[in-house]
Amino acid sequence: MSTPPAIRIDNLVKEYASPGPGEPPKLALKGVSFDVPQGGIFGLLGPNGAGKSTLINILAGLVTKTEGSAEIWGFDIGENPRNAKRSIGIVPQEIVFDPFFTPFEVLENQGGFYGIPKSERRSEELLRAVHLWDKRDAYARTLSGGMKRRLLIAKAMVHSPPILVLDEPTAGVDVELRRQLWELVNELNAEGVTVVLTTHYLEEAEQLCDRIAIINHGELIAEKPTRELVGMAREKVVAVTVDKDLGGPIMEEAFVRAEVVQPRKLEITYDRDKASAGQVLSIVQSHGYAIEDVTTREADLEDVFVQLTGSG
Ligand code: ADP
Ligand code: MG
């Protein structure tokens, strides 16, 4: 018997009403379906405007779906919204706080909101987990941007949901804070929390997520384990330095692209299903050049993304 998914999304459609007279309604999700398995870190990847927040906000109960259905931990968001909401903690894209509460009060209030008795609240444990215990009595308005984000993560975990969703957790944050947030996500995941995060950073999805769904213009264009997705990049790039100035690019049928990047350096993109690096080099030699240096670049998620979305 297979484990049921943490989240099941089935043909989700969202049409936002026309923003004004003469303006068309916006179809933000065009029938998206995928499952988020339990226990992993799942990345919802796509450029700005792809529909990521719309999808997350439907799960959060903040946006009403137009069509389709979604289940969270087995609870249908339409039929059983209370249990669905109890099964998920959501960190929204926008940071909003009452500036006059302290981190400790923020968590206690949230615990009260979920009806958790005082003796069962986890405020201290959660503040320690997000490294904010020493800031427990500071006003939220005095916290740095990074501290606020960490506090929002703690707040999302107050009711101990099995799923944590982070909408663009690292958009606009510096390198150090990004590293801290990744660490925190990994720690929570290691404790058994299924994590879903949206991002428009390919590198982030590749580093952090074991499974990735790519959406673009409201449509799902891929949904696979990260390794498989990266493996889909068929194109490889080899940079060749030769012994004399190049007269012009050497274009051959076996190449996808060839570009002279320096007087003696040629960058050749080839399809790894159709040619090998060895063949590429012998073609260059057959044009009368001796090869002095070669570097190859491994395909990464960016290559796949460009191939799939057709965006340069
Ligand atoms: P993402 O989070 O991937 O950047 P969004 O879900 O925020 O994308 O937006 C998807 C599309 O829906 C965009 O074209 C956006 O302009 C539009 N959109 C988002 N929210 C609204 C809204 N409240 N009313 C009308 N259009 C919206
Ligand atoms: Mg968004």
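Leaving out residues up to four places away in sequence, Glu-204 touches Thr-170, Arg-178, Trp-182, Leu-197, Thr-199 and Cys-209, where contact means heavy atoms within 4.5 Å. Glu-204 is part of helix α7, residues 202–208. Helices (H or I, at least four residues) and strands (E, at least two) are DSSP runs, numbered from the N terminus. Glu-204 is buried but has no salt bridge. The nearest side chain of opposite charge belongs to Arg-178, 4.3 Å away. Buried means under 20% relative accessible area, exposed means over 50%, and partly exposed lies in between (1.4 Å probe, protein chains only). A salt bridge is a side-chain nitrogen of Lys or Arg within 4 Å of a carboxyl oxygen of Asp or Glu. For charge, Lys and Arg count as positive and Asp and Glu as negative, while His and the chain ends are not counted.

The model is predicted: local features need pLDDT of at least 70, side-chain atom pairs count only at pLDDT 80 or more, and totals for chains, interfaces and linings use all residues. Residues are numbered from 1 along each chain as its sequence is written, chains are lettered from A and ligands numbered from 1 in the order in which they are written, and side-chain values use heavy atoms, with hydrogens and water left out.

Next comes the chain as a whole. The protein chain has 10 helices and 14 strands. Its C-alpha atoms fill a box of roughly 80 × 50 × 45 Å, taken along the principal axes. Of the 312 residues in the protein chain, 44% are buried. Among contacts with a separation of 6 or more, 67% are between residues 24 or more positions apart.

Which residues surround ligand 1? They are Tyr-16, Lys-26, Ala-28, Pro-47, Asn-48, Gly-49, Ala-50, Gly-51, Lys-52, Ser-53 and Thr-54, a residue being near a molecule if one of its heavy atoms lies within 4 Å of it. Several of these residues make polar contacts, that is, pairs of N or O atoms within 3.5 Å; within protein, one must be able to donate a hydrogen and the other to accept it, and residues adjacent in sequence count only if both atoms are side-chain atoms. A backbone N or O atom of Gly-49 is 2.7 Å from an oxygen atom of ligand 1. For Ala-50, a polar backbone atom lies 3.2 Å from an oxygen atom of the ligand. Lys-52 uses its side chain, with a polar atom 2.9 Å from an oxygen atom of ligand 1.

Ser-53 also takes part in the metal site. The magnesium ion (ligand 2) has Ser-53 (OG) and Gln-93 (OE1) as its protein donors, 2.1 to 2.3 Å from the ion. The pair links distant parts of the chain, 40 residues apart: Ser-53 is in helix α1 (residues 52–59), and Gln-93 is in the loop between β6 (88–91) and α3 (103–113). Donors are N, O and S atoms within 2.8 Å of the metal (3.2 Å for Na, K and Ca); water is not among the atoms, so sites may look incomplete. Ser-53 counts as partly exposed because its relative accessibility is 22%. Gln-93, at 32%, is also partly exposed.

The structure holds 11 salt bridges. One of them joins Glu-183 to Arg-179, with the closest N and O atoms 2.9 Å apart. These two residues are 4 apart in helix α6 (residues 175–190), so about one helical turn separates them. An α-helix has 3.6 residues a turn, so residues three or four places apart point the same way. Another salt bridge joins Lys-274 to Asp-271, with the closest N and O atoms 3.9 Å apart. Lys-274 is exposed at 67%, whereas Asp-271 is buried at 11%. Glu-108, Lys-118 and Arg-121 are linked in a network of salt bridges.

Two further helices show buried residues. Ala-84, in helix α2 (residues 81–86), is buried because its relative accessible area is 3%. Apart from neighbours within four places in sequence, Ala-84 is in contact with Ile-72, Phe-75, Asp-76 and Ile-77. In helix α10 (residues 301–309), the buried residues are Leu-301, Asp-303, Val-304, Phe-305 and Thr-309. Their cover includes β3 (41–45), α7, β9 (211–216), β10 (219–225), α8 (226–231) and β14 (291–297). After α10 comes Gly-310, with a positive phi near 70 degrees.
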